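Please examine the protein below. The report that follows treats its domains, its ligand shell and its sheet.

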Amino acid sequence: MTDDQNTGHEPETSAILAGRSEGETSLAPVLYPTSAFEFATIDEGRGMAMAVGAERYYSRYGNPTINAFEAAIAELEGAEAARAFASGMGAISAVVLGLCSSGDHVVAQRQIYAGTQLFLQTACPRFGIDVTFVDGTEPGAFEAAIRPGKTMLVCAETPANPKLDLVDLHELGAITGATTVVDSTFATPLGQNPLAHGVDLVLHSATKGIAGHNDATIGVVAGSQDLMSWLWGFAVLHGANASPYDAFNAHRGLRTLGVRLAHQAATAQRLAEYLEGHEGVELVRYPGLDSHPQRELAVRQMRSSGGLLTFDLRGDIDTGCRFTEAVRLARQAPSLGGPETLITHPASTTHVGLTPEEMDSTGIGPGTMRVSCGLEHPDDVIADVEQALAATSD
Ligand SMILES: Cc1ncc(COP(=O)(O)O)c(C=O)c1O
C-alpha cells in the first residue's frame with residue numbers, strides 16, 4: 001500500500017489506485033527496463049546486496065516497475081507482500097521448491113491446472129517430494145491427507161480447471177501445521193481473496209485476467225512478510241523473476257480489471273443460462289448458476305462468478321470437434337481472461353494425451369467445452385454459440 005488515500009475503497013477502485021509510489025506524478029505505471037542499477041558508494045552497494053527485497057540493485061532481485069505491480073497485488077489480496085514471477089508456473093514451482101525439501105510431503109487437489117498437476121506428478125518425485133492428490137470438493141479431504149510433521153504444503157485451485165469445482169476456502173484456511181496455497185487465477189483478486197479466509201499464500205497466473213490483454217506472461221504470489229521474504233530468498237536463486245515489460249502490462253491491465261471482470265461475468269451468466277436451456281447441451285458448469293453443485297459456497301466466498309464456464313455437448317468427440325470448428329467469433333486458444341472469447345475442446349487439444357480413465361478422473365468428457373468470455377457484446381457471443389450449435393446438429 002503506497003497511498004493512504006487508498007483505504008476504505010471498494011476493490012475495483014483500489015485496483016486503479018494501488019501500487020502508485022508516493023510522489024510519483026506519472027498517471028501510468030512507470031517502466032524501468034533496466035537490468036541493473038548503479039550505486040553511489042561501496043556502502044550503498046553492500047547494503048543493497050544484503051537487503052531482502054532490494055528494489056534498485058539488480059532486476060532479478062527487484063525493480064521499481066515489478067515492485068509497483070507486486071504492491072498493487074498485495075494490497076488487493078490483503079497481503080503484507082507479493083512477488084512476481086516469469087509465469088504462473090514460475091510462481092507455482094517457486095512455491096513448491098522454495099518451501100519443500102527432499103523427504104517432505106505435499107497434499108494437492110486432483111482438479112487442478114494440467115501444468116501444475118504435471119509438475120507435482122513428475123518433477124516433485126525427482127526431488128524426493130511425495131505428493132498425494134485429493135478431491136478438493138470433498139469436505140475434510142485435504143486435512144485427512146496431511147501427514148503430521150511431513151506435509152509442508154497444501155495446494156488448492158478454486159475455481160478449478162477444468163469444471164469450475166470450488167474448494168471451501170474457510171476450511172482450507174483452518175488447516176494448521178502446513179502452509180496452504182490457493183491458485184486463484186480464475187477468480188482474480190477482485191473475485192475472491194483466499195487470505196481473508198486464513199489461507200497462507202495466494203497465487204495467480206497474471207497472464208490471464210489480471211494482465212487481461214494476452215500480451216504478458218507473468219505470475220504472482222502474495223502472503224505474509226515472513227513467508228514472502230523466505231520465498232524471495234529462494235526466488236532470487238530460482239531465477240524465474242518477472243520481466244519489467246510484463247509487470248508493466250500486468251499493472252496496466254489490473255487497473256481495468258473491475259470493468260472487464262464485470263462484463264465477462266455478465267456475459268458468462270447469460271451464456272450459461274442460454275446453454276442450460278439448449279437440447280444439444282447435457283451439462284453446464286458455472287458458479288453463477290443455481291444448478292452449480294457448490295452454488296451456496298460460491299455465494300459465500302466469491303464476489304464475482306467469473307468469466308469462465310464449461311459445458312458438455314451431447315454426442316461424441318466428433319461433436320466437440322465440429323462445434324469448435326463451427327464457432328466464428330470465438331477463437332480457439334489455450335488461455336483465458338483476455339478481450340477475445342476463447343473456446344477450447346480439451347479432449348481433442350489440451351488433454352489429448354490422457355487415457356480415457358485419466359480424462360474421466362479430471363472430469364473431461366468427449367464433448368466438454370471450456371469458454372472464456374471476452375469483452376465482445378454478449379449478444380454477439382451468444383449468437384455465435386447458437387449458430388455453432390445449429391451447425392453441429394446438422
Ligand atoms: C489456473 C492456472 N494456474 C496456472 C497456470 C499457469 O500459468 P502460466 O501459463 O502463466 O504459467 C494456468 C495456465 O493456464 C492456469 O490456468
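The C-alpha centres of domain 1 and domain 2 are 27 Å apart. Domain 1 covers 4-254 and domain 2 covers 258-393, with bounds from an automatic or database domain assignment. This is a predicted model, in which local features need pLDDT of at least 70 and side-chain atom pairs count only at pLDDT 80 or more, while totals for chains, interfaces and linings use all residues. Residues are numbered from 1 along each chain as its sequence is written.

Between the domains, 25 residues of domain 1 are in contact with 31 residues of domain 2 (C-beta atoms, placed from the backbone, within 7 Å).

Among the 13 residues around the ligand, Ser 87, Gly 88, Met 89, Ser 205 and Thr 207 come nearest (C-beta atom, placed from the backbone, within 6 Å of the molecule).

An open sheet of mixed pairing has 7 strands in the order β1-β7-β6-β5-β4-β2-β3 (strands are DSSP E runs of at least two residues, numbered from the N terminus; two strands pair if DSSP finds at least two bridges between them). β1 (81-85) and β3 (130-134) stand at the edges with a single partner strand each, so one side of each has no neighbour in the sheet. β2 (residues 105-109) pairs with β3 in the parallel sense over 5 bridges, and Val 107 stands opposite Thr 132 in β3.

Note on methods:
Two residues are in contact if their C-beta atoms, placed from the backbone, lie within 7 Å. Helices (H or I, at least four residues) and strands (E, at least two) are DSSP runs, numbered from the N terminus.
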